[in-house]
Amino acid sequence: MEKALKMSGGSVAPALKAPAAMYEGAVAAGAAKASGSWSKIFKLGIVSGAHIGFGSYLAITVGGACPGIAASNPGLQKIILGAFGLPFGLIMTLVTGGELFTGNTALVTAAYKEGKTDGKSLIKSWVASYAGNFVGSLLLAYLAFKSGTLGNAPASVAIATAKSTLPFDVAFVRGILCNWLVCMAVYMASGCSTMIGKMTAVWFPISAFVALGLDHSVANMFIIPLGIMRGAEITIGQFITKNLIPVTLGNIVGGALMCMGPFGSAFGNWGKKD
């Protein structure tokens with residue numbers, strides 16, 4: 001195929017873009033996302049919420065069902081929890097063009113900072129994708145609950161309870177660290193032209209954030225409601241104020257500033273005067 005393209009005068013996309021080109025591609029992707037209508041972003045947000053929910057569902061089913069390993073080798077259990085689940089959820093979203101709020105905090109922010117979209121479109125992207133993610137996550141949580149596949153396993157209740165009893169500042173910092181890694185996965189995957197490249201770019205950062213015990217707002221939209229349905233003594237108010245709000249704010253900082261800020265300063269126009 002490559003030989004045929006060369007003979008016809010075509011060009012072959014590099015397997016991995018150079019750093020500057022990767023940033024330019026991220027800006028272009030962010031601009032494209034920002035240009036979508038509210039309804040389109042919302043619908044694709046529902047899809048992504050379900051994708052991340054499926055990833056969380058698998059993580060709880062596999063990594064959350066290893067009490068013996070957790071007791072004898074907690075590090076190994078954390079690796080299992082991270083490796084089997086959320087990476088495949090993000091891969092589904094990236095390959096199919098879903099709208100994930102946490103990724104949009106990086107990509108659409110980059111487009112805004114480079115003048116490729118306006119503030120109104122930035123807010124539209126964030127709000128519509130967040131709302132869609134919430135709907136998709138809740139739908140998947142209900143279906144997972146009704147499926148009965150988790151049996152009497154206590155992992156979903158234990159995880160939801162632990163996440164909903166964190167101090168505000170701890171949840172906020174975990175949100176920063178989490179989305180720093182998530183957006184690095186999105187950013188690196190956007191620079192890969194092959195499926196295996198995208199999968200590799202996603203797998204390491206995503207499995208790492210789960211193994212480290214960090215907090216992703218969209219994943220928590222599935223995990224905590226599922227825990228509540230399964231009997232966790234958590235109120236809706238606790239879920240929102242003790243976890244969702246601080247984690248969401250942390251995710252914004254992690255994606256927009258910690259992940260994209262350095263690349264925008266190095267390869268773009270962030271912080272530069274006209």
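A salt bridge is taken here as a side-chain nitrogen of Lys or Arg within 4 Å of a carboxyl oxygen of Asp or Glu. By this rule the count comes to two salt bridges. The structure is a predicted model, in which local features need pLDDT of at least 70 and side-chain atom pairs count only at pLDDT 80 or more, while totals for chains, interfaces and linings use all residues. Residues are numbered from 1 along each chain as its sequence is written, and side-chain values use heavy atoms, with hydrogens and water left out.

**Salt bridges**

Helices (H or I, at least four residues) and strands (E, at least two) are DSSP runs, numbered from the N terminus. Burial refers to relative accessible area: buried means under 20%, exposed over 50%, and partly exposed in between (1.4 Å probe, protein chains only).

E99 forms a salt bridge with K33, with the closest N and O atoms 3.6 Å apart. Because E99 lies in the loop between α6 (86–96) and α7 (101–113) and K33 in helix α2 (residues 19–34), this pair ties together parts that are 66 residues apart in sequence.

The other pair joins the side chains of K163 and D215, at 3.1 Å from N to O. Here too distant parts of the chain are linked: K163 belongs to helix α9 (residues 155–163) and D215 to the loop between α11 (195–211) and α12 (217–229), 52 residues apart.

| Residue | Relative accessibility | Class |
|---|---|---|
| E99 | 6% | buried |
| K33 | 17% | buried |
| K163 | 13% | buried |
| D215 | 0% | buried |

In helix α5 (residues 74–83), the buried residues are Q77, I80, L81, G82 and A83. An α-helix has 3.6 residues a turn, so residues three or four places apart point the same way. Contact means heavy atoms within 4.5 Å. The buried residues of α5 pack against α3 (38–62), α4 (67–72), α6 and α11. Just after α5, G85 takes a positive phi of about 150 degrees.

**A201 in helix α11**

Helix α11 also contains A201, which counts as buried at 8% relative accessibility. Leaving aside residues up to four places away in sequence, A201 touches A185, M188, A189 and C192. Between the C-alpha atoms of A201 and K113, which are 88 residues apart along the chain, the separation is 25 Å.
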